[in-house]
Amino acid sequence: MTDRHAQGMAVRRSVLGDDHVDRAEANRTEFDSAFQNLITESAWGTVWASDAISRRERSMLTIALLAATGNFEEIAMHVRATARTGASPQDIAEALQHVAIYSGVPRANHALKIARETFAEMGIAP
């Protein structure tokens, strides 16, 4: 295991929580092991580990980018992570307004629906 992998795993656990990472690791197979290492080292060990911007800002950017590109599958996971990153429901709503203007109202609308449902599951009134 490389230092970047260890750092990435620590950041990933800090942002997503031990339960999520433990489930992901338990589901790791030989088929997707290289991919799991790639995202742990690059996304979590490089991008999310950087202190150039805050984790709150990274949450806002990540959710906005997922929505803007139509990658809705991971939005709920990243909304749940806001409990650890400090991004508020208002922060997410503001980020998704940018998505509406720069990438399209339907994508922002769908992401808002996912965020609203996820916050409700978390017991947070957006």
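**The largest pocket**

Colleague: Which element gives the most to the lining of the largest pocket?

Modeller: This is a predicted model, in which local features need pLDDT of at least 70 and side-chain atom pairs count only at pLDDT 80 or more, while totals for chains, interfaces and linings use all residues. Numbering runs from 1 along each chain as its sequence is written, and side-chain values rest on heavy atoms, without hydrogens or water. Helices are DSSP runs (H or I, at least four residues), strands likewise (E, at least two), and both are numbered from the N terminus. With five residues, the element that gives the most to the lining of the largest pocket is α3.

Colleague: How much space lies in the largest pocket?

Modeller: Rolling a probe the size of a water molecule over the atoms shows where empty space is left. On a 1 Å grid over the protein atoms alone, with a 1.4 Å probe, a pocket is an open set of points with protein on both sides within 12 Å along at least five of seven lines, and lining residues have an atom within 4 Å of a point. Points are joined across faces, edges and corners, and a volume is the space filled by probe spheres set on them. For the largest pocket, that space is about 330 Å³.

Colleague: Which lining residues are closest to the centre of the largest pocket?

Modeller: The largest pocket is lined by 17 residues. The elements that give two or more residues to this lining are α1 (3-16), α2 (18-26), α3 (33-47), α4 (55-68) and α5 (75-85). Closest to the centre are Ile 39, Trp 44, Glu 74, Met 77 and His 78.

**The chain and selected residues**

Colleague: Why may the radius of gyration be said to agree with a compact globule, and what is its value?

Modeller: The chain has seven helices and zero strands, and its C-alpha trace spans about 40 × 30 × 25 Å along its principal axes. The radius is taken over C-alpha atoms, and the globule rule is 2.2 Å times the number of residues to the power 0.38. Because a compact globule of 126 residues would have a radius near 14 Å, there is agreement with the value for this chain, 15 Å.

Colleague: Is Trp 48 buried or exposed?

Modeller: Trp 48 lies in the loop between α3 and α4. Its contacts (heavy atoms within 4.5 Å), leaving aside neighbours within four places in sequence, include Val 11, Arg 55, Thr 62 and His 78. Buried means under 20% relative accessible area, exposed over 50%, and partly exposed in between (1.4 Å probe, protein chains only). At a relative accessible area of 6%, Trp 48 is therefore buried.

Colleague: What relative accessible area does Thr 40 have?

Modeller: Thr 40 is placed in helix α3. Beyond neighbours within four places in sequence, Thr 40 is in contact with Arg 4, His 5, Gly 8, Met 9, Arg 12 and Gly 45. Thr 40 counts as buried, its relative accessible area being 0%.

Colleague: Which residues does Thr 62 touch, not counting those up to four places away in sequence?

Modeller: Thr 62 is found in helix α4 and, at 18% relative accessibility, counts as buried. Its C-alpha atom is 8.4 Å from that of Ile 75, 13 residues apart in sequence. With the stated residues not counted, Thr 62 touches Trp 48 and His 78.
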